[in-house]
Amino acid sequence: MPSLRTTLFAAALPAMLALAPVNARADELANLINAYRAAPGSCGGAPAAPAAPLTAEPALSRIWVGPATFLESALKRVGFASEHADAISVSGPEDARAAMDAIRDKYCRTLRSSDYSSVGTARRGNQWQVVLAHRDDIPPLPELEPAGQEILALVNAARAQPRTCGMERFGPAGPLSWNPALAEAALAHSRELAMHHYFSHVEHDGSTPALRIARAGYAWSRVGENIASGQRSPKDAVQSWLDSPGHCANIMNPSYTEMGAAYAVNPANENRTAYWTQEFARPR
């Protein structure tokens, strides 16, 4: 089944990550940008309202724009999560004030845009660079045990109502019971996906849901599995499954009587991407 994760990024400028020198003169340019935002005067020939100051971010000052890669990749490599960023470059000015004079009118809308909350500046000789970005706030994930119980409650609420999954019509189904062995199998699979960054019902050792559930000590007569990646809450995970015909059919299948669910995150993943697994079964 395909991942239910959706990732968007908007960046137009190519960039090359390099050790861009950060010095007092480059920092001065950031201060001048904030001074301009506080009292822009005009932009494009029309009066311009003040904008909130930008936060100086050292990580953005370590990016140097060039033809090698994209700004998105450079932001990720310096550990700055952002879905909206831009870069401005100018060559020739001998000091920060001259650099500001060179970019103020041409890029006035970008410099005072409320889309950005952070700034980083850098200089190489007479080349100056400004990177503007908005740091994404990654919503916290819930505690593991309550998350599993919330999934159970949401699934049972869904099963209580008739539902159409794709072209298949289901009547109401009885509630599922929580099973610790199924939860253990779900957690193990989520950890496997998170730590090795892939998305599949079959693990690298060839194990299938049926085998993993049996390894957890559950004697089954019928099994099923839903997986998802990227959702930040049990509600979002369950809704994504209900929106997908195959996942929805698993949830509504009256043959299942028990379930377990869990998520896992790779600590090294800067976006804290959650991998969700839901195991369904009927005992022998």
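Guide: Two strands count as paired if DSSP finds at least two bridges between them. Helices (H or I, at least four residues) and strands (E, at least two) are DSSP runs, numbered from the N terminus. The model is predicted: local features need pLDDT of at least 70, side-chain atom pairs count only at pLDDT 80 or more, and totals for chains, interfaces and linings use all residues. Residues are numbered from 1 along each chain as its sequence is written, and side-chain values use heavy atoms, leaving out hydrogens and water.

Visitor: In what order do the four strands of the open sheet lie?
Guide: The order is 11-13-14-12, with mixed pairing. Strand 11 (177–178) and strand 12 (220–229) are the edges, each pairing on one side only.

Visitor: Over how many bridges do strand 12 and strand 14 pair?
Guide: Strand 12 and strand 14 (residues 274–283) share nine bridges in the antiparallel sense. E225 stands opposite E279 of strand 14.

Visitor: Which strands does helix 7 touch?
Guide: Helix 7 packs on the sheet through contacts (heavy atoms within 4.5 Å) with strand 11, strand 12, strand 13 (258–265) and strand 14.

Visitor: Turning to L187, is this residue buried or exposed?
Guide: L187 is buried, at a relative accessible area of 16%; buried means under 20%, exposed over 50%, partly exposed in between (1.4 Å probe, protein chains only). L187 belongs to helix 7 (residues 180–196).

Visitor: Which residues does L187 touch?
Guide: Leaving aside residues up to four places away in sequence, L187 touches L144, A262 and Y263.

Conventions: Axes fitted to C-alpha atoms, helices over the stretch in contact; angles between N-to-C directions.
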